[in-house]
Amino acid sequence: MSGQSKKKPFKIEAYKHRVEVDPKYADRTWAVIEHAINEIYNHNASGLSFEELYRNAYNMVLYKFGERQYNGLVSTVTRHLRDMGKAIESAQGSFLDELNRKWSDHTKSMQMIRDVLMYMDRTYIPTNHKTPVYELGLNLWRDHIIHSAKIQTRLVDMLLEQIHRERMGEVINRGLMRSVTKMLTELGSSVYQEVFEKSFLDVSASFYSGESQQYIEVYNCSNYLRMAEKRINEEVERVSHYLDSKTEPKITAVVEKELVETHMHRLVHMENSGLIPMLVGNMYEDLNCMYNLFKRVPSGLNLIKDVMASHLKETGKQLVTDPDRLKDPVDFIQRLLDMREKYNEIITKSFHNDKAFQNALNASFEYFININNRSPEFISLFVDDALRKGVKGASDDDVDQVLDRVLVLFRYLQEKDVFEKYYKQHLAKRLLSAKSVSEEAERGMILKLKTECGYQFTSKLEGMFNDIKTSQDTMLGFYNSPYGNDMADMPAITVQILTTGSWPTQNINTCILPAEIVIVCEKFKAYYLGTHNGRRLTWQTNMGHADLKATFGKGQKHELNVSTYQMCVLMLFNSADRLTYREIEQATDIPGPDLKRCLQSLACVRGKNVLRKEPMSRDISEDDAFLFNDKFTSKLVKVKIGTVVAQKETEPEKMETRQRVEEDRKPQIEAAIVRVMKSRRVLDHNSIVTEVTNQLQARFLPNPVVIKKRIESLIEREFLERDKADRRLYRYMA
């Protein structure tokens, strides 16, 4: 009902009456409890009635004598602890054993006392903010036993002595040590730290400092590292057996500082056994040990990384600048590959494939591989060697693995466009001479380069493959045409039609072909120009090859596989027995350097010397004379006579290639400048240089001077203009 008032809650109050207590009740009751405590400490608790004791302790609190009972407990326990302290101090046998026994007695006694005084523990102590009974016992033990000057000093000395003995190889009672240190931790982490841990760490630092000074003088790096690793493991094990777990990072930090950090520079640079001898000797386990130890100390890994990088740069620099190594480009690149594989394996096995070390490896290789400006050419030559037919009997999978490895070196190049220039030349030679290991391998390499360099580069390479296929179809058409039908008594010819622009630029070296070859060439030219309007053919005789049938003394016949230049020279001997160098040069019009290499391969290579040279020597001079070698013999019917080629470019060829590269870079730099300015509209000179460099560094590092010249060229052609107010700024002209 809304009009009624709310009912009050029902409450029953305790019946109050005055309880009269005997004035001597507290004294009599406490005397009983005190006697019981004494009996407990004296190991005579079996005759006590704990039920009666609990009731007495309960009544003491109930009748407001809790404070009397609590203070009496403190006094009684303190008295017993003083007696215990005297017994511990006067212990004749093992001090630690006696201390541990007394501690065990005390804790058992306090547990029984706590049970008797349970009601006080639950009511009086929380209400009056007193220390609980068992905890009170621990505090009294701490104050009267552990903090006793004589006991504490002796306790710490004994513990440290036991640890020292164990470090020196003796067997100690680990169970006792565990009990004593556990006692300290139970008294509070601050007690353990102040009484024992601080001294333990100080003494340990002193011990390992002395030991490290001793061993660093007599051990080599490997043995010292093993010793340090063993000591750290021992300390970790020691903590797990009888020290507080929180001590582990502290003691290991001490050992690491004294054994590793203090001596890490000396260890790394130790003669005959430091980091560099380990790297040279592929000492994977020792390197792994050094890595794991140095990882524990500040700047430890940076030290290893920096020394390794410095060694790599120095070793690599010696390799790429060694004149003897530059004589063989394939061996040069193979050594670089072996070197990288060696250090990559070290980083993987010993340094846990640490990214920082991988970055140091890459930075070191990028540094020294670009010191030698012929590295792009040599890498291309190495790829050329790998992609030629019959290289060490390698399968397609083997070749693919080699290409993957060399592509890593390719990524380090700062002048990737120079590599591209050489790669096109070498690919052209492989395709025209049909010496590729397989079309699949060639296309696989192009796909890899496409991933690295982009479509712009590979489109021309793919055009080269298309020309080879188209040429095959053209030759079928030629031989099926009237021009090819009347060639029964003429030399057979195979022509490769190369699209200008797709193939690398070649200097057109004129050569006077034999008359019978000229007739066939003219027939093909007439056929091709008759079927393709508006085209022009230019013969590249320096890139062809031929098969000749030759008859030597005693009617011995061989089929000679030679270059077009060699064919021109050999066919002169159909009408002459002896020709001088000058006569051959005049009759063929082959350029001097090419002619000398050609004659050298025909007359100076053992087993391939179809000509004789007078006087006989390895080099060709303009005063030499040549004769047909009718005494030539070979076990093979087909004899392949390769041209003695300069595997590397000569200095003039190198300068010419460099000039072509520089010319090719100009439009790329200009295009980058225009892209930057088109998006930014107005920009200062330094910003243009920075942005253009960022755009082009994947292919090459443009020279700031060249960038400045290209900017001037663009200003002249009115793509850009200088700002009229501020001459340092450029403006894009739409």
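The model is predicted: local features need pLDDT of at least 70, side-chain atom pairs count only at pLDDT 80 or more, and totals for chains, interfaces and linings use all residues. Residues are numbered from 1 along each chain as its sequence is written, and side-chain values use heavy atoms, leaving out hydrogens and water.

Start inside. In soluble globular proteins, nonpolar side chains tend to be buried together. Here the largest nonpolar core has 147 residues. Such a core is a set of buried Ala, Val, Leu, Ile, Met, Phe, Trp, Tyr and Cys residues joined through side-chain atoms within 4.5 Å. Buried means under 20% relative accessible area, exposed means over 50%, and partly exposed falls in between (1.4 Å probe, protein chains only). Trp141, Leu155 and Phe294 touch the most other members. Helix H10 gives the most to this core, with 11 residues. Helices (H or I, at least four residues) and strands (E, at least two) are DSSP runs, numbered from the N terminus. A second, separate core holds 45 residues, including Tyr527 and Ile620.

Look at Leu155 in detail. Its contacts (heavy atoms within 4.5 Å) include Phe95, Ile146, Met183 and Val195, with residues up to four places away in sequence not counted.

Now turn to the rings. The structure holds 24 aromatic pairs. Rings of Phe, Tyr and Trp (its six-membered ring) pair if their centres lie within 6.5 Å; planes under 30 degrees apart count as stacked, over 60 as edge-to-face and the rest as tilted. Tyr192 and Phe196 have ring centres 5.6 Å apart and planes at 55°, so this pair is tilted. The two sit four residues apart in helix H10 (residues 189-218), so about one helical turn separates them. Tyr192 is buried at 1% relative accessible area, and Phe196 is buried at 0%. Elsewhere, Phe478, Tyr479, Phe524, Tyr527, Tyr528 and Trp539 form one aromatic cluster.

Finish with the backbone. Most residues other than glycine have a negative phi, and most peptide bonds are trans. Asn282 has a positive phi, near 50°. Asn282 is in the loop between helix H14 (275-280) and helix H15 (284-294), and is partly exposed at 31% relative accessibility. Asp589 also has a positive phi, about 60°. Asp589 lies between helix H27 (581-588) and helix H28 (592-603), in a loop, and is partly exposed at 40%. Glu614 and Pro615 are joined by a cis peptide bond, with omega about -10°. Pro615 lies in the loop between strand S4 (611-614) and strand S5 (625-628).
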